[in-house]
Amino acid sequence: MSEYIIFTDSCCDLDDKMIEELAIEVIPMAVTLDGKAYSDADYDLPDFYNRLRHGSVSSTSQLNLLELVDIFRPYLEKGIDIMYIALSSGLSGTVNSAFSAAQQLMEEYPERKVYIIDSLSASLGQGLMVYYAAQLQKQNQTITEVYEYIMEHRLNFAHWFTVDDLMFLRRGGRLSGTVALVGTVLGIKPVLHVDNSGNLINVAKTRGRKNSLNALVECMKISSINPNGQTVFISHGDCLEDAQYVAEEIKRILGTSDIYINYIGPVIGSHSGPGTVALFFFADGR
């Protein structure tokens, strides 16, 4: 079996310990905060969210073809095949750059395999997909077998989340200014998900924070497959207690014991804002 490595980008929101355990490679993405560019790996996340709360403006940029070619080529030169699980095409053009890079590199190294997967996912939803792929790799599945499994089940990785500050969705064009203002005054908290095309969709509106968190658990209750036997990921925008509340409710109601919690990184956090809680699990559909 040919040796291969699994790549993803830092929008997967996996921490260093998990990255090491999975033996994957994570490509940093750039973020600009108040006009200064950083690698998202350089951020102190509590400070990042605190600055957003106090009016700092953050923007992001995608990975380009040349960057990806330079990152992938040394592995192919060593005879190592590549699988790259990328941030959703509905949220970034990075995966399109990756497809172009793969085409160029496979012409240079026709004996090697370069698989690009549009995860149609973000944050720990993308991370959960990477986690599944890495588990299959550890079970000695070939790169083609892992690729085929992930592509077959790509839409079984469910993404549900809620935000605390509607103005960040307004800035990203997900809500109109009027709707965001009225919703803020009335204490409306949306429940959103990532659809089959990898785009953010506003599904429901709840009144109050606790109800929005409970709605995430209810979504999992309705659609999850074998909830007490799977691994669940929860990411948060500097609101650990709310993420822990969701985790405890999932344990209490659904019997799930394997739950991983981590921050939403600065790329996704720039658009979702502080106070976001996102839940990811394996389901019968998105």
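**Helix H9**

I started with helix H9, residues 209-223: at 1.5 Å a residue, its 15 residues should span 21 Å, and the end C-alpha atoms sit 22 Å apart, which agrees. The expected span is 1.5 Å times one less than the number of residues. Helices (H or I, at least four residues) and strands (E, at least two) are DSSP runs numbered from the N terminus.

A note to myself: this is a predicted model, where local features need pLDDT of at least 70 and side-chain atom pairs count only at pLDDT 80 or more, while totals for chains, interfaces and linings use all residues. Residues are numbered from 1 along each chain as its sequence is written, and side-chain values use heavy atoms, with hydrogens and water left out.

Next I looked up which residues of H9 are buried (under 20% relative accessible area; exposed is over 50%, partly exposed in between; 1.4 Å probe, protein chains only). Among them are Arg209, Leu213, Leu216, Val217 and Met220. The buried residues of H9 pack against several elements, including strands E8 (157-162) and E9 (188-194) and helix H10 (240-254). Contact here means heavy atoms within 4.5 Å.

**The sheet**

I then traced an open sheet of 6 strands, in the order E10-E9-E8-E13-E11-E12, with mixed pairing. E10 and E12 (258-263) stand at the edges with a single partner strand each, so one side of each has no neighbour in the sheet. Strands count as paired if DSSP finds at least two bridges between them. E8 and E13 run antiparallel and are joined by 6 bridges. In that pair I found Trp160 opposite Leu279 of E13.

**A hairpin**

E3 (residues 30-33) and E4 (residues 36-39) run antiparallel too, with 4 bridges. Thr32 has Ala37 as its bridge partner in E4. The hairpin has 2 residues between the strands, and Asp34 takes a positive phi near 50 degrees.

**H3 and H4**

I checked how H3 (residues 65-77) meets H4 (residues 94-108): the angle is about 45 degrees and the axes are 9 Å apart. Axes are lines fitted to C-alpha atoms, for helices over the stretch in contact, and angles run from 0 to 180 degrees between N-to-C directions. That makes H3 oblique to H4; under 35 degrees is roughly parallel, over 145 roughly antiparallel, 65 to 115 roughly perpendicular, and the rest oblique. The contact includes Leu68 and Phe72 of H3 and Ala101 and Leu105 of H4.

**Ser197**

Last, I found Ser197 in the loop between E9 and E10. Ser197 counts as partly exposed because its relative accessibility is 43%. Beyond its sequence neighbours (up to four places away), Ser197 touches Ser88, Gly90 and Leu120.
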